[in-house]
Number of protein chains: 2
Amino acid sequence: MGARTKKKTVPAGRRARRSDRASSAVPKKLVYGFGDGKAEGKASMRNTLGGKGANLAEMAGLGLPVPPGFTITTDVCTYYREHGQRYPSALDAQVTRALERMEKILDRRFGDPASPLLVSVRSGSRTSMPGMMDTVLNLGLNQSTVEGLIRQSGSARFGYDCYRRFIQMFGDVVLGLKAASGSDGDPFEEIIERKKRQRGVEHDTNLGSDDLREIADDFKALIRDRLGVEFPEDPREQLWAAISAVFGSWDNARALTYRKLNRIPDDWGTAVNVQAMVFGNLGDDCATGVAFTRSPATGDKGLYGEFLANAQGEDVVAGIRTPQQIAKTAAIAQAKASGIAAGKRAPSLEETMPKCFAELVRIAKQLEKHYRDMQDLEFTIERNRLWMLQTRAGKRTAAAAVKIAVDMVGERLISQDEAILRVEPAQLDQLLHPQIAPADRPKPIAKGLPASPGAVGGEVVFSADEAVNLTQAGHKVVLVRIETSPEDIHGMHVAQGVLTARGGMTSHAAVVARGMGKCCVAGCGDIDIDYAKQSFEVGDREIHKGDWITLDGSTGEVFEGTVRTTAPELGGDFGRFMKWADRARTLKVRANADTPHDAEVARKFGAEGIGLCRTEHMFFDGDRIDAVRQMILATDTAGREQALAKLLPMQRLDFVGILRAMAGLPVIIRLLDPPLHEFLPPEEELGALARRLGADEESLHTAYEALHEANPMLGHRGCRLGITYPEIYRMQVRAIAEATAELRREGVRVHPEIMIPLVGHVRELAILREQALQELAEIGRQSSIKLKIPIGTMIELPRAALTADQIATEADFFSFGTNDLTQTTLGLSRDDSGRFLRHYVSNGILPEDPFVSIDQGGVGQLVAIAAERGRRTRPDITLGICGEHGGDPASVAFCNDLGLDYVSCSPYRVPVARLAAAHAALGKKS
Amino acid sequence: MGARTKKKTVPAGRRARRSDRASSAVPKKLVYGFGDGKAEGKASMRNTLGGKGANLAEMAGLGLPVPPGFTITTDVCTYYREHGQRYPSALDAQVTRALERMEKILDRRFGDPASPLLVSVRSGSRTSMPGMMDTVLNLGLNQSTVEGLIRQSGSARFGYDCYRRFIQMFGDVVLGLKAASGSDGDPFEEIIERKKRQRGVEHDTNLGSDDLREIADDFKALIRDRLGVEFPEDPREQLWAAISAVFGSWDNARALTYRKLNRIPDDWGTAVNVQAMVFGNLGDDCATGVAFTRSPATGDKGLYGEFLANAQGEDVVAGIRTPQQIAKTAAIAQAKASGIAAGKRAPSLEETMPKCFAELVRIAKQLEKHYRDMQDLEFTIERNRLWMLQTRAGKRTAAAAVKIAVDMVGERLISQDEAILRVEPAQLDQLLHPQIAPADRPKPIAKGLPASPGAVGGEVVFSADEAVNLTQAGHKVVLVRIETSPEDIHGMHVAQGVLTARGGMTSHAAVVARGMGKCCVAGCGDIDIDYAKQSFEVGDREIHKGDWITLDGSTGEVFEGTVRTTAPELGGDFGRFMKWADRARTLKVRANADTPHDAEVARKFGAEGIGLCRTEHMFFDGDRIDAVRQMILATDTAGREQALAKLLPMQRLDFVGILRAMAGLPVIIRLLDPPLHEFLPPEEELGALARRLGADEESLHTAYEALHEANPMLGHRGCRLGITYPEIYRMQVRAIAEATAELRREGVRVHPEIMIPLVGHVRELAILREQALQELAEIGRQSSIKLKIPIGTMIELPRAALTADQIATEADFFSFGTNDLTQTTLGLSRDDSGRFLRHYVSNGILPEDPFVSIDQGGVGQLVAIAAERGRRTRPDITLGICGEHGGDPASVAFCNDLGLDYVSCSPYRVPVARLAAAHAALGKKS
């Protein structure tokens, strides 16, 4: 053991002694002690102490039984990273003093063979990074202190087991033995296996104290052999090495990846918590467990949790033994559910350790009241003494979140505004669709993307027509396609849910399904569809047409057969909660709805009007599509007008239905937008179409070819159609006007608005507005009903946003079509971006899929510019957004901050948007 | 003739008497007189007096012989339009006074049967609107004054001919008889025809004075019958009606359309010029003609022009008689060219009226000197007395424009700066390509769009491969295609010119041909191509493969056979002129060039570097394309790298050639940009490709399908390829680095720059820049040559422009890719916009094709934003634009005004851009 090996024992630069003199920028206080009813830190010091350290200090400060310890601040981590892994000079003395305080509180001494103090060394950053960084337990043990531990615990086996665990953990985490061994397996575990074979026993628990002592020795020899270093006997040396390892683990590969994915800045750093060990595994008067102050599944009040008797915390996590319920009622209920006889069930903590249980209940109540939120607790009972190891806000389901928030308002723990902020808007989605009952969830046969939430089952069909046929015959079906296209919409409409093998979260299937509020699992690469055989393979199964499957669109899971689901509950706590949210927000929430049914759903979900009614979706219904195709393939105005005359009464009927469903509320109807070829059948079906229309097949083919576009997204669509074929828009405006006149004559108060899409130049809007006004005036004259209908435009081209001041001269309202605006601003086709967008997001090139959450840095600038310029021209102009972003909480917050009047989203996202708007109004960034 | 008919004689509201009292906003002076060596107006009062009136005043003010008259200002027109066709109250008196002055000067009297004054009434607006508005001649004639005219002229026939012409013109223009007759033919002409039949004569000239008198009576009867009004006998009534008709003609349909197309504001209005009639048709001592002070075709000095003896101005325009040359030398030359014997030629004005000729020469010189520009003159000689009727700057060819500008500097008439402004940049294009000699121009067989200028001939071929084969065999070919695609580029490259049946000015053929400086006629719908028969039909002709045709890409004409062309001359006057332009401008001009040949051409045309070298164009050459396809269809990185290894030496060779050709100047090389599927063959050729590559056809098909994109323009291209397939860009950077090292080792001073396309987020650029720097550093190490190569990016997405401040942190330069920026900002696919963009431009919805001239209101805002934000981050950042707009004068001016450093355009547009930049620097708006 020369200088060389000595030096290697603790990696270079990891000692406090190698401190840097230029430490003036570092705060003076680097270490915060806690324990014995006192603490130097508190919960609000999360940035400095990390989440764990701050809450340990807070609990200690409250006088709760927390094992004493101290936290080394995140400032030290920053210093350490920026100064070549050296520490501020003041650190060493502060750690020493903090350690002395611990020794005093516990009357034990670090390295004292007679009464050794053992500690844990753990990371703790500002936000939770579960499992990403390193931990060392039982630190302070060596050849002589282990004897003290044996004396303290009265068990040689316990002492040596702790010792060998410590060596193993230290060897792996601090000295890097596992990493150095590569993929050769775990050499520590091999030693244990060898010993078991020697002894002819099966389980670790069958090994005796001598075996464990020998194993400890073998471990140390292994370290010497493999790493050429001696295992450090000096507890102080152990401690500094462990502290450095924890700081170093901030920059390990796992942590870096995690931070990148979760956008946690690298310079936040971690704190290090050094805390006295307490043992839940010293005998039957010991235990360890986790508890929630209310049910994280339902929100019901009462202590919910599990424990293991005579065990360490890691055993609970490892899941080798089945944990027992803490509360007696829960234990009884569980036994009943599992069919265990009353006398044979495992006892609850309430029964086995009533005093500790009572104390835990008291502490839980105290903590919940103190933090004013449901807490997730960790505790250990050492020889009938309860120690609190952690408290934090508990994660919860959406249902629990709503119930807890509402209950806590009732208990006067929190205000209504606070309650609103306690529920994540995105979570609400879970509540608005049927769910698979947790107890009934089977093993899935495949997993795709959770494209549109809900849980549904039905017979497998592989074509839209089949879906319609079977549905009409009274069956429930799930439409399974490689991918979907506008041709499939009628099938999607009738199906319970949609499953696709290809496509991302913003594929056609996903977008349309979300718009319909229909369950969808997209991009499920596990399934291999064979249309010819009318079946798909998944693993070694083959699912045929007519077989029943169940989809969970909230998780992306696919199940074989039927699975029990529970229906959503929109009243009760949920209804009360949403009322508070509505009171808090200023931003209005409308829905995108294309049919009377959608409009009714939207109203049920609290929509305050329709922000986008896409007239073209109606074109696919029934035999309309052929009239639409006749119009498209017409070679002259007369031919188009003939086809349009067929469509007029159908469109009028649509509008009557939608306007009636939204009586009293505004309904923005967008005139025809997509390129006409979207309405055509596949080329091979032109023959059949020609026969149905009585047209010449050859000329249909010519017209078909002429409609082909290289970039349809940027092609002949939107108001460009209105300009070149004025008769189309004229028919649509007439249908709106006639529907309005009809309803008003009936006394129904309807408020249609006409929206012109894809305007890039004010002159386009001026021409089409004038034309629409003429049409309205004519119907107004004919019907003797005054038709003052606002006319506005989509802002969905960068040019429109940039010239919004001019465009506003012709527009009563702007609706930001952020889907298309994203496509053009980023030059990104939603249909084609799948090939690289996932790579972009997962590699942090883009923070988020810009089709899911608005690209504030780019698209957001244009929205802001257009809002400002539009209002400059016309201060009373109504501004809103429609499209996918209208239901994304971050985007809703952005719209709120810009002062838009409303967001519009698919009916099922309306409650999400309402809550997000409330959050935004309350100043919370989503 | 009761009140009713009286009222109808002069249309309601067209009399000065019906004036408005509220005329305070109108200037006091509404009428400007001229004549007898004096004038109240002058040339600079164009806005008030119109072009014609201002120049008549100016000539009169110079003491030149101008028939006296007066101009009613444009203010009156404005008033008239805004006040329900009423006049300011002061007008009547001012017109009366002006008329009295004319009477005094000429000693004739309006309506005086003894010595009648006759006048013309003509429009004259700020800018010339040829033929758009109305004119009335010989006004003042009636039953009694015609007798005075007969006495004055000594010819009854002349008198009655004038009279019947006046009635006819007044009937059509003022009373609207022709318009009222609809498409039934011209009733006045019918009367003449009837009279000729009666008399059994063939020509109008065979009708005698009695015939003409009877015709005049019949005309008046016709007016009475058809319109129910009496032809006005009162000259004052005639005058006011004619004035109102001219003001009214400002708003006739023709004029409205013309103004819309030429973006002339409606509120400019027209002036009305009332001028004494002079007659060039009173006998052989009379003549009328037009003259230029220098040759408008060549710019040669000397009076050029034509006249007709004993004729009115309208006869020259009508082209019934062949006019004679004014100058003797010209008359001799013309006779010689037409093979007319010396004795038989028509005499010149110089010979027939030497005194008038000498005066005309003197006046021409005086006017040219006065206006300091070549003048276009109109004159009439009445009984040996010369009268000047008009002068204005003469239109001229590009060659003439350059020569006149250079000569006038030599003559100290104008400064070099003025000379620069005398040549329209767009005109220069004519000079840079071979032209069809004007004398040799045959009748075209078809006409398409003038897509890329020049005149070339060759044998017709219908495929790119054929073009290559025949060219290699020594033939000259013209490639004829329905439309072209990237697959045709090798054929376009070798062909003399390209003719397509489909596609617009910005179609693939047009854009690529302009880039190559290759003659192209696009969208020639007259031709009907049959690839199978290897021929095309046009009219009743059929042109086969191998037949010779000639294209004129400057006019869009197609000729059968060979036509003589003249080569461009870049030295001499042109060279001198361009040097002045270069001295005047501050904006640099670079070229877009993809091959060493292009680079050489660009240098010859004065390019100061390469602003855009598209690496992908090199990928189509020879057998490279198969290596490219192998790379694209590879299923893994290893496969791609194998193919890239083949491409590396070829790319290096390209770069060596280009950099060498541009030694001493910057060369911006853009890394791969287009979506990969652009490099693939048509699907039906995959089999052959598979055999050539030794690959599996099935998997090629799969890869092919996978590459399909819905909107390739917004798809997986540009830097997105670099991010997902880093090995591609790495190869290209390596090729650039190795080429640079090689040349620098030779001592050649080369300045490559690397450009990353389609960046939308700074992180994309940061990643690719870092990767490129690594590659450069490595080649630098290997070659021991320091490779400090600037790295920049295209700004071609709105998001890039909006976040230019961030992007500039990673970019040494920005190049505005305004083609793609236009596509994304306007949401307009260049490939697909043909269907509606022409409609947009011709209907004034967009002022110009935004792919031809930059959309300053939209795209321009983004360029300005990006320039400002880029410089804020990095004040020394180099800014330029590349793409089609770089050669458009208006866009060049825009770039100059924004303070960009350079524009880059196709080699053949470089002189245009140089001159446009000079114009911009001199403060002229193009």
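Two salt bridges are found by the rule across the interface of chain B and chain A. The structure is a predicted model. In one of these salt bridges, the side chain of Asp855(B) meets that of Arg799(A), with 2.7 Å from N to O. Polar contacts also link the chains: 28 residue pairs between chain B and chain A are counted, with both residues at pLDDT 80 or more.

Several helices of chain B take part on its side of the contact. Helix H28 (719-724), helix H30 (762-783), helix H31 (798-802), helix H33 (818-826), helix H34 (834-842) and helix H35 (859-873) of chain B each contribute at least two residues to the side that touches chain A. By residue type, that side of chain B consists of 21 nonpolar, 17 polar and 11 charged residues.

The extent of the contact may be considered next. Chain B provides 49 residues and chain A provides 49 residues. The size of an interface is often expressed as the accessible area that is lost when the parts come together. Here, chain B and chain A bury about 4,100 Å² between them, and 56% of this area lies on carbon and sulfur atoms. Within chain B, the residues that lose the most area to chain A are Leu714(B), Arg799(B) and Arg835(B), which together account for 16% of what that side buries.

Attention now turns to the aromatic rings. Over all chains, the structure holds 27 aromatic pairs. One of them joins Phe170(B) and Phe231(B), whose ring centres are 5.3 Å apart and whose planes stand at 75 degrees, an edge-to-face arrangement. Phe170(B) belongs to helix H6 (residues 156-173) of chain B, whereas Phe231(B) lies in the loop between helix H9 (209-227) and helix H10 (235-249) of chain B; the pair therefore ties together parts that are 61 residues apart in sequence. Phe170(B) is buried, with a relative accessible area of 0%, and Phe231(B) is buried as well, at 3%. Both values count as buried because the term applies under 20% relative accessible area.

Another pair in chain B is formed by Phe814(B) and Phe816(B). Their ring centres are 6.5 Å apart and their planes are at 75 degrees, so this pair is edge-to-face. Phe814(B) is buried, with a relative accessible area of 0%, and Phe816(B) is buried with a value of 0%.

In chain A, aromatic residues also gather in a group: Tyr80(A), Tyr87(A), Trp240(A) and Phe247(A) form one aromatic cluster.

Conventions
Residues numbered from 1 in each chain as written. Chains lettered and ligands numbered in written order. Predicted model: local features only at pLDDT ≥ 70, side-chain atom pairs only at ≥ 80, totals over all residues. Heavy atoms only, no water. Contact = heavy atoms within 4.5 Å. Buried area = accessible area lost by both parts, 1.4 Å probe. Salt bridge = Lys/Arg side-chain N within 4 Å of Asp/Glu carboxyl O. Polar contact = N/O pair within 3.5 Å; in protein donor to acceptor, adjacent residues only side chain to side chain. Helix = DSSP H or I, 4+ residues; strand = E, 2+ residues; numbered from the N terminus. Nonpolar A, V, L, I, M, F, W, Y, C, P; charged D, E, K, R; others polar. Phe/Tyr/Trp six-rings, centres within 6.5 Å; stacked < 30°, edge-to-face > 60°. Buried < 20%, exposed > 50% of the residue type's maximum accessible area, 1.4 Å probe, protein only.
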